[in-house]
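Please look over the structure below before reading on. The notes take the aromatic rings, then the ligand.

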Amino acid sequence: MNAAAIDGLLAALEKLPDNVPLRLNVARLLIQAGRHTEAIEQLNVVLAIDADNADNADTIQLLMDASAGLSTQGQTVEGSPAPSAGPNAQAASDFDWHRAEQELGPSLPAPFVEDHPESDPQAISGSTEGTGGALFDIDRPVVTLADVGGLDDVKTRLNESFLEPMRNPEVAKAFGKSLRGGLLLYGPPGCGKTFMARAVAGELGASFMTATMTDILDKYIGETEKNLHEIFQAARRAAPAVLFLDEIDSVATKRSALSGGAAWMRQTVNQLLLELDSMDAQNDGLFVLAATNHPWDIDTALLRPGRLDRMLLVLPPDRPAREAILKHHFSSRPIAGIDVKKIAARTEDFSGADLEHVVTSAAEKAMMESLRKGSVQAISMSHVNQALKDIRPSTRAWLQSARNVVEFSNSNGSYDELGQYLRARKML
Ligand SMILES: Nc1ncnc2c1ncn2[C@@H]1O[C@H](COP(=O)(O)OP(=O)(O)O)[C@@H](O)[C@H]1O
Ligand SMILES: [Mg+2]
């Protein structure tokens, strides 16, 4: 969208001043064009028109985007909103966005990892012949393990099972370290399984491929087996490589857990078994990393030796991890007097995603207050406390169901690690 087009829409708005959807769109485009101050003016007008509309989530979201844009640009909110903005008309502020960010100390580094010198990204293409679309992504690494808060055990084990052998394949071979088989990450939703895998991608660069199973099903129902085969073939060509199968339960669910007789599901599982087994036979430097929230629903054939034979529990973030996650999410927002240690202490059982929700919700409240007062109010502990009143930790339901599994079907010891955690938490 170029400047002339935005000007055209602004002219249209003069004629249709009460058209809220149009004004929201203009604001959205202004944000995209980096014109955040103007976007905020438009959004203030929307709020003035739409004052008694309870459902203004869109407007608030855009306001947050615009202010985040301002803070990353290091601008201050200057200029006054449009005349029709009523009592909110004075949005001038000398708030120092940069200083506020620095208050949090060093924010999480997000450097772009250097490309692997040996690997050739051209050799592995995200699209495969005949399907006309990307079945998997070659991750552009942005996060690394240092960005993942806590979870030290998981990091260590990922390091041993993937990163070290990948970096020193000859040494690994000499020690007879099995380069075969795969590893299954499991745990409550929102606690960093996907994030962790992306971090491994960040460490490994181009030799990491992600395939989200739900996507494969959604887009290519009926062709799942063929697609799976193509994904594995592409990964083999890229070897040594890690192939990440996210949300694997969606293709590997036990038949008993399904409502109807889904024959195609059986075939998909068979294909997956075939791929994993042939990986074993060729010992071809292909590592499989998979993730699920529901390991107990997975067809047990997939968990046998040589297949996804190691399970790794990704638990809700402990206190230091919660601190790191909170810092990360506050770092792009205006804050004043935020005590992440205190918040971390009060958020046991919150998932990473829940913590993110706390921060965005506090930001929303600060934004509402800014609108009421006509000047930017940084996020404070009082906003956080209000947000905490409404947000419950989402991992407890998962832990409850996990409890039943450990209690009644842990005969082979697969869930010992989980059992330990639950006992430590006195849930078992
Ligand atoms: N340990 C963690 N460190 C930093 N951020 C985390 C962590 N766990 C979760 N998050 C945040 O929560 C979001 C959701 O986590 P995700 O990896 O998608 O969960 P899931 O386990 O369901 O795959 C992530 O994008 C990240 O922002
Ligand atoms: Mg996930």
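1. Aromatic pairs come to five, counting rings of Phe, Tyr and Trp (its six-membered ring) whose centres lie within 6.5 Å. One of them is F208 with F244, a tilted pair; planes under 30 degrees apart would be stacked, over 60 edge-to-face, and the rest are tilted. The centres are 6.2 Å apart and the planes make 40°. F208 lies in strand β3 (residues 208-212) and F244 in strand β4 (residues 241-246), so the pair ties together parts 36 residues apart in sequence. Strands are DSSP runs of E, at least two residues, and helices runs of H or I, at least four, numbered from the N terminus.

2. This is a predicted model: local features need pLDDT of at least 70, side-chain atom pairs need 80 or more, and totals for chains, interfaces and linings use all residues. Residues are numbered from 1 along each chain as written, chains are lettered from A and ligands numbered from 1 in written order, and side-chain values use heavy atoms, without hydrogens and water.

3. Ligand 1 has 17 residues around it, each with a heavy atom within 4 Å. G149, G190, K193, T194 and F195 come nearest. Helices α8 (193-204), α13 (319-330) and α15 (352-373) each supply at least two shell residues.

4. A backbone N or O atom of G190 lies at 2.7 Å. The side chain of K193 has an N or O atom at 2.8 Å.

Definitions and conventions:
Polar contact = N/O pair within 3.5 Å; in protein donor to acceptor, adjacent residues only side chain to side chain.
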